[in-house]
Amino acid sequence: MLDTINEFFERMSGRSPGDQDHEMTLELAVAALMCEVMRADGEMKDVEQQALRDMLKRRFDLEESAVETLVDMARQQVRDSVDHYQFVRLIRDEYDYPQRVALIGRLWRMAYADGVLDPQEEARVRKLAELLYVDHADFIMQKLEVQKSLGLE
């Protein structure tokens, strides 16, 4: 499955199959974690799905069609995966600590996308922060910064 995903991104970017570009697999890993947060409360509202697309488009500078494909692939990966380990491991290996903290901020934004923080969404972000080895203080700081930026203080 991951080979198929990598081949898709290689074709999309004009690279020949076999060239290594970790950023493409990181895109999928980040998108999958964001999907995990979005679906944690059992609902995937339109506003959350649009927020996901917007964040991925900005973060990875992708065209609309690439974002749609990435979101579809991330959803499939989340449905097919037994756990988050493959995504978390890749991010831990490739992102430095400040990048992982920034990712937690984006996960908080995903959790607040519909204007309501569900306890299941909060628990998912907390678990992902632990798996990404983000300190609790930084986890809380990111939450507070997102709340402030959204006027939810």
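Tryptophan 108 is buried, with a relative accessible area of 0%. That value falls under the 20% cut-off, so the residue counts as buried. The model is predicted. Tyrosine 112 is buried as well.

The structure holds 2 aromatic pairs. In one, the ring centres of tryptophan 108 and tyrosine 112 lie 6.2 Å apart. Their planes meet at 35 degrees, so this pair is tilted. Tryptophan 108 also pairs with phenylalanine 139, at 5.2 Å centre to centre. Here the planes stand at 45 degrees, and this pair too is tilted.

Which helices does the pair of tryptophan 108 and phenylalanine 139 join? Tryptophan 108 sits in α6 and phenylalanine 139 in α8, so the pair ties together parts 31 residues apart in sequence. Phenylalanine 139 has 2% relative accessibility and counts as buried.

## Overall fold

The protein has 8 helices and 0 strands. Along the sequence the pattern reads α-α-α-α-α-α-α-α. Of its 153 residues, 45% count as buried.

## The nonpolar core

In soluble globular proteins, nonpolar side chains tend to be buried together. The largest nonpolar core in this model has 44 residues. Leu33, Leu56, Ile91, Ile104 and Leu107 touch the most other members. At least two core residues come from each of α2 (22-39), α3 (46-60), α4 (64-80), α5 (85-94), α6 (97-111), α7 (119-131) and α8 (136-149). Helix α2 gives the most, with 11 residues.

What does isoleucine 91 contact beyond its neighbours within four places in sequence? The partners are Leu26, Ala29, Val30, Leu33, Arg100, Leu103 and Leu132.

## Packing of α6 against α7

Two packed helices are described by the angle between their axes and the distance between the axes. For α6 and α7, the axes come within 10 Å and cross at roughly 170 degrees. The two helices are therefore roughly antiparallel to each other. The cut-off for that label is an angle over 145 degrees.

On the α6 side, the meeting residues are Ile104, Leu107, Trp108 and Ala111. On the α7 side they are Glu121, Glu122, Val125, Leu128 and Ala129. By class, the contact has 7 nonpolar, no polar and 2 charged residues.

## Two loop residues with positive phi

Most residues other than glycine have a negative phi. Aspartate 61 has a positive phi, near 55 degrees, and is not a glycine. It lies in the loop between α3 and α4. Is aspartate 61 buried or exposed? At 70% relative accessibility, aspartate 61 counts as exposed.

Tyrosine 133 also has a positive phi, about 60 degrees, although it is not a glycine. Its place is the loop between α7 and α8. Tyrosine 133 is exposed, with a relative accessible area of 53%. Tyrosine 112, by contrast, is buried.

Methods
Residues numbered from 1 in each chain as written. Predicted model: local features only at pLDDT ≥ 70, side-chain atom pairs only at ≥ 80, totals over all residues. Heavy atoms only, no water. Core = buried A, V, L, I, M, F, W, Y, C linked by side-chain atoms within 4.5 Å. Buried < 20%, exposed > 50% of the residue type's maximum accessible area, 1.4 Å probe, protein only. Helix = DSSP H or I, 4+ residues; strand = E, 2+ residues; numbered from the N terminus. Contact = heavy atoms within 4.5 Å. Axes fitted to C-alpha atoms, helices over the stretch in contact; angles between N-to-C directions. Parallel < 35°, antiparallel > 145°, perpendicular 65-115°, else oblique. Nonpolar A, V, L, I, M, F, W, Y, C, P; charged D, E, K, R; others polar. Phe/Tyr/Trp six-rings, centres within 6.5 Å; stacked < 30°, edge-to-face > 60°.
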